[in-house]
Amino acid sequence: MRDVPALEVRARPGLRRRPLSVDSIAVFDPRSWRTHIVGGAAAMLLTLFAERGAHRVDALVDALDLAGAGFSPEEAQALVDKALSELHGCDLIERVVADSAPVH
Amino acid sequence: MRGAPTVAGLALEPLLERLSASGVALDLGACTVRFRASHRAFAHALRTLYGAFPIEPDSGFADVTVALHVRRAPFGRWARLCIDGEWPFQDLPLAMHLPLVEWGLNWTIAHRAHAWLLLHAGVVARGDRALLMPAFSGVGKSTLTAALMCHGYRLLSDEFCPIDPATGSVSPLLRPVCLKNDSIDRIAERWPERPIGPRTAGTHKGTIAHLAPSPASVSARKRPARPEFIVFPRYQAGEASALEPVTTQRAFVKLSGNAFNYSLLGEAGFVALTNLLGQCRIYELRYSNFDEAFERIDALFAETEAVPLSAEAARR
Amino acid sequence: MSAQRLLLLFADPLQPQQPTLAQWDRLVRIARIGSVASLLHARYEAAGALDALPAPVARQLRSERTVAEYRIRMTRWNLEHLVEVLGPLDIELVLLKGAAYIAQDVPWGRGRLTGDVDLMVRASQIPRAEAALREAGWRFGEITDYDERYYREWSHELPPLMHPERPLPIDLHHTILPVTGRLRPDGDALVDASVALPDGRLRVLAPEDQVLHTCCHLFEDSDMWHQLRDLLDLDAMLREYGRGPDFDERLAASVARHGLHRPLHYGLRYARRYLGSPMPERARREAARHAQPSPPTEWLMDALVARSLFPDSPDMPVRASRLWAKRALKARQFARRFPPRLLARHLWTKWVRPSRAPALG
């Protein structure tokens, strides 16, 4: 079986974040000068990326400890997928293939 | 400036003469405006609406100069506004010269105010503690702002809320308050002593009149204030009044969406707005008459007098 | 005259005779009318002279600069996008005017109030470039079939392309002057001579061609209200590029290759007259030799340009003679751009639908 490099994701460099409340943050993108309000799992992901840099996609559910918050594994995965999709749609995250340059 | 005449301190003739020649410059607080016109009715309205303002020396710098011209046509006369060599707006019938000047001034001020984060909100203050009332169609923001001024609050603006990005303070941008239709009577009946300018019927907003800023507001127009409360007002006839907290994210979306220049300022705007929300308590106010609104807002100022800011931030 | 005072301030922000507040009032308004207020702020900033400005003046110029910085950021964002979308096509992408100056980060690009992103590609590559942009979501705005045909067949640019998520449009060109005009610069030769930017993906015209393009823009294809800024650009380029050892020769060769003697002749004439720009002598002689207009024509041009260039008293409607001068210059542009029957048709269609001023409130 071919050894596939792990898929990692991180926040795009240069984003500015300000907490608005316990579970929402305002994010400013200095490239486009757009502001996004991000809440819930998406906010948690951005905070995670800010603290720990790039992160393996398949380890995000554990990293967010959604099981500890009472979600089933399927629900937790669905939440993470939706959050990733939302962040990608706002152009706030990028894929990092380990040991090479960032890719979209 | 000691000895400078106020607009009302000049008789109509000398005022008109000055308007026609070098113009009349007034310091509104955050900016200075120069009016030029030779139309007598306008001079009259100026005395009513800007009466308490001292006239600035001709040798000064004005942020905006508006020149009101009259165009004679076969079937009537038209008012036109010249701003820096351009005619940015459609001519209006001469009877509507006052709203033309006021709206033209609003538009131009908004286009030149990028030294601040300019929110679309009415602003009043008690001393140096400011209350911001963001504007959305039909919520009665102008009427409430006018009423609060009549009730004794200092008026900073009914339209523009200039936030200094460096300090977070709000500066006065003092203008006559624009009242529409029924509101005119409601204010005039309750406070008949307050000067209201001429009524202009038939505008696209209905009948318009302006309430002059109080002399106390005019004297204090160079004093910035510290934003402490953001209150989204909602006039709801017949319902009991209520004051309910609004989430920071909801407030962010609403304020950034209707600010004049949030996007234009980029990161500076982002930081200024998040700072502002961090330093304010944010509510929605539902009210069906002035006294209910006064009671709620007076209480807000009274009960938060002694609460330190850090405890506030932690609670949210 | 105030406008000439303004030019002096551009030349030397820290001059000992600083304007009074009342003089600044007029100067700022004139600068704003001429779209150079944000440039003035940048000039003062570059000279370390912002503290010399009275507070209300600094605030107004700062406000204008803020608008310019926003547009510059939006331009850079568009440029990043263009590289992504058009890069794979492997064609030369040549930036023109403001977009070029911003990408090059030259002094006259700082504080520039830019509008569209002007991009030139070879005529043969227009269909591929247009297709790639459309696929990325760019569209022409609401234009009539007539307008679209005007652009494609007779002009040198497509109608502006707009994107729902981006504030600034893209103008796609294949040459720098309309194809129906008397002057026919060689679009392919301009691309051949273009220079790659350090990033390797985008290009700009060669320095001598940037000078020629500005001269053309000034007198052949200007919307008539940006002349003051274009003249300032020209002066800045002549000073900056003039330092290069072979700039003069290259300019002389390029003006001959493209047949742009007249625009260069007038451009140099007025840059020297109003801004004291250093002259590339060889190119100047080359242009004058071929373009030398008759004295009455030159006198008329001098008078028209003088009246049209400087904004009038800001409180009065544009002075009749200035408006007339602008109309006369605009008519000259049209006449040089269109054969008579096309001009008649164009004007007829345009006048059927007059534009309206925005309504207030």
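**Figure 1. Order of the elements in chain A.** From the N terminus on, chain A runs β-β-β-β-α-β-α-α-β-β. That comes to 3 helices and 7 strands, where helices (H or I, at least four residues) and strands (E, at least two) are DSSP runs, numbered from the N terminus. The model is predicted: local features need pLDDT of at least 70 and side-chain atom pairs count only at pLDDT 80 or more, while totals for chains, interfaces and linings use all residues. Residues are numbered from 1 along each chain as its sequence is written, and chains are lettered from A and ligands numbered from 1 in the order in which they are written. Of the 104 residues of chain A, 28% count as buried. A residue is buried if 20 or more other C-beta atoms lie within 10 Å of its own, exposed if 12 or fewer, and partly exposed in between, with C-beta atoms placed from the backbone. Among the contacts in chain A with a separation of 6 or more, 49% join residues 24 or more positions apart. Two residues are in contact if their C-beta atoms, placed from the backbone, lie within 7 Å.

**Figure 2. Contact between chain B and chain A.** Here 13 residues of chain B are in contact with 12 residues of chain A. On the chain B side, helix 7 (248–258) and helix 9 (267–279) each supply at least two residues. Helix 7 of chain B gives the most, with 5 residues. By class, the side of chain B that touches chain A has 4 nonpolar, 7 polar and 2 charged residues. Ala, Val, Leu, Ile, Met, Phe, Trp, Tyr, Cys and Pro count as nonpolar, Asp, Glu, Lys and Arg as charged, and the others, Gly among them, as polar.

**Figure 3. Contact between chain C and chain B.** Chain C contributes 30 residues to this contact and chain B contributes 29 residues. Helix 2 (21–33) and helix 4 (55–86) of chain C each supply at least two residues of the side that touches chain B. The largest share of that side, 10 residues, comes from helix 4 of chain C. The side of chain C that touches chain B has 17 nonpolar, 5 polar and 8 charged residues.

**Figure 4. Two packed helices in chain B.** Two packed helices are described by the angle between their axes and the distance between the axes. Helix 1 (residues 12–20) and helix 2 (residues 40–49) of chain B pack at an angle of about 110 degrees, with their axes 9 Å apart. Axes are lines fitted to C-alpha atoms, for helices over the stretch in contact, and angles run from 0 to 180 degrees between N-to-C directions. Helix 1 and helix 2 of chain B are therefore roughly perpendicular to each other; angles under 35 degrees count as roughly parallel, over 145 as roughly antiparallel, 65 to 115 as roughly perpendicular and the rest as oblique. Helix 1 of chain B contributes B:Leu12, B:Leu15, B:Leu16 and B:Leu19 to the contact, and helix 2 of chain B contributes B:Arg40, B:Ala43, B:His44, B:Leu46 and B:Arg47. These residues divide into 6 nonpolar, 1 polar and 2 charged.

**Figure 5. Two domains of chain B.** Chain B is divided into domain 1 (12–111) and domain 2 (117–175 + 213–315), with bounds that come from an automatic or database domain assignment. The C-alpha centres of the two domains of chain B lie 29 Å apart. Their contact takes 10 residues from domain 1 and 14 residues from domain 2. Helix 3 (residues 97–111) of chain B gives the largest share of the domain 1 side, 3 residues. That side of domain 1 divides into 7 nonpolar, 2 polar and 1 charged.

**Figure 6. Surroundings of B:Trp116.** B:Trp116 is found in the loop between helix 3 and strand 7 (117–126) of chain B. B:Trp116 is buried, with 26 other C-beta atoms within 10 Å. Leaving aside neighbours within four places in sequence, B:Trp116 is in contact with B:Pro162, B:Ile163 and B:Asp164. B:Trp116 and B:Asn261 are 145 residues apart in sequence and 8.6 Å apart in space, C-alpha to C-alpha.

**Figure 7. Helix 5 of chain C.** In helix 5 (residues 97–104) of chain C, 7 of the 8 residues are buried, so this helix is largely enclosed by the rest of the structure. The buried residues are C:Lys97, C:Gly98, C:Ala99, C:Ala100, C:Tyr101, C:Ile102 and C:Ala103. After helix 5 of chain C comes C:Asp105, whose phi is positive, near 60 degrees.
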